[in-house]
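Dear colleague,

Please read them with the structure open beside you.

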Amino acid sequence: MKVDAERLGHEIDELATISAARPPAVTRVVFTEEDLRARAWLKQRCADAGMAVRVDAVGNTFFRWEGSRPDLPAVATGSHIDAIPNAGRFDGVVGVLGGLEAIRSLREGGFQPERSIELIQFTAEEPTRFGVGCVGSRLLAGVLNADADEKLRGGDGETLRAVRTKAGFDGDLATVRLPYGYYAAFVESHIEQGPILEREGIPIGIVTNIVGPSSFFITIDGEGGHAGGVLMPDRHDALCAAAELIVRIEGTARQSGSTDTVATVGICEVHPGAINSIPSRVKLGVDLRDTDGKRRDRVLNEIRNATEEIAQQRQLQTSIQVLNADEPATSSPQVLAAIARSCLEEGLESRRIVARAYHDSSFMVHVAPMAMIFIPCRGGVSHRPDEHATMEHIVAGVKVLARTLAELSSAH
Ligand code: GLV
Ligand code: MN
Ligand code: MN
């Protein structure tokens, strides 16, 4: 398999310049001016590669290489190009531009697919704008439905409908959904965002399953007051309750019985936030994930119980708002086998691996048999400007992806 590493490397660098942050950081939040410019840039690259384009109501974009059997379900690959604030240049991009390069390599090598091959650029994989991640693929899967148009709001309070319409994506959100079997298979390639492949010196990870993520807000309402005037026995300090709760959350994850359970309190908003005022209200943002959905839900319940217990002991009010609690996703044996064969044919060592970030594949599993291809990233680092993947690994991933797409595009 011959891949044009120079062209791909140049495109990754060029896309990274479409950013609201100064290099090397990349910030490209969905439906901002940068996201729209990046979309236009990608459309041009795909048009140059001779692909047809379809855009759905939420902006998921499908680039198609027509096969000789357009009557059959196509095979798809893809990922996202939105990026959280102060991110790197590889998260998602390796799957989109690597997918494009895989298709170009097959095409330029004279391959003629039977099933059509599509490259999908998903809308809003990152939760930055709407609080929940994978908005585009959730809608494709029917995990979110059309009422998301009014329910999902950006940080500025604007509805998804208002934001997408302004960005030029209109139409009925209900039309986004695709039935299971719409694609014959879906394969996403991505950087690992963890340290295992690099540590073991293995260039390709074959993702057997993706963790089930949940995110929720816990609001604690205590009683504010003067930091000098209110004596300790009279206090109902919301931040002290939050501090106790944060440690309990860490404990429930550590004691779940498996290292696959992880919990993170990544947001702690303190009101009123003055040094001489007792915190009256705290909002915690919690991210909880597990490979086992039942265990994740058990831990979620333990966190609810801990919240109530602390509320009672300290006599304050609490409420929990669950944003999402998604099922773990399992890869298709057929797609896993195709990836494994492609690694063998390329003479590349591989290992099976668990995806511990969520991905559009977490939801595409409801649309098609799916699996993912991971490549190493330096130090396992991601969601940081110094995120890095070598061209050698990126090219290895593209080769495996191209062979996998070729095999899966066969009509049999
Ligand atoms: C996706 O970026 C995640 O948080 O897993
Ligand atoms: Mn990400
Ligand atoms: Mn990603």
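Across the interface of domain 1 and domain 2 there is 1 salt bridge, meaning a side-chain nitrogen of Lys or Arg within 4 Å of a carboxyl oxygen of Asp or Glu. The side chains of Asp 260 and Arg 356 form a salt bridge, with 2.8 Å from N to O.

This is a predicted model, in which local features need pLDDT of at least 70 and side-chain atom pairs count only at pLDDT 80 or more, while totals for chains, interfaces and linings use all residues. Residues are numbered from 1 along each chain as its sequence is written, chains are lettered from A and ligands numbered from 1 in the order in which they are written, and side-chain values use heavy atoms, with hydrogens and water left out.

Domain 1 covers 5–211 + 328–408 and domain 2 covers 212–325, with bounds that come from an automatic or database domain assignment. To their contact (heavy atoms within 4.5 Å), domain 1 gives 11 residues and domain 2 gives 10 residues. The centres of the two domains, taken over C-alpha atoms, are 34 Å apart.

As for ligand 1, the residues around it (a heavy atom within 4 Å) are Glu 125, Glu 126, Arg 289, Ala 357, Tyr 358 and His 383. An oxygen atom of ligand 1 lies 2.8 Å from an N or O atom in the side chain of Arg 289, and an oxygen atom of the ligand is 2.8 Å from a polar backbone atom of Tyr 358.

Best regards

Technical notes:
Polar contact = N/O pair within 3.5 Å; in protein donor to acceptor, adjacent residues only side chain to side chain.
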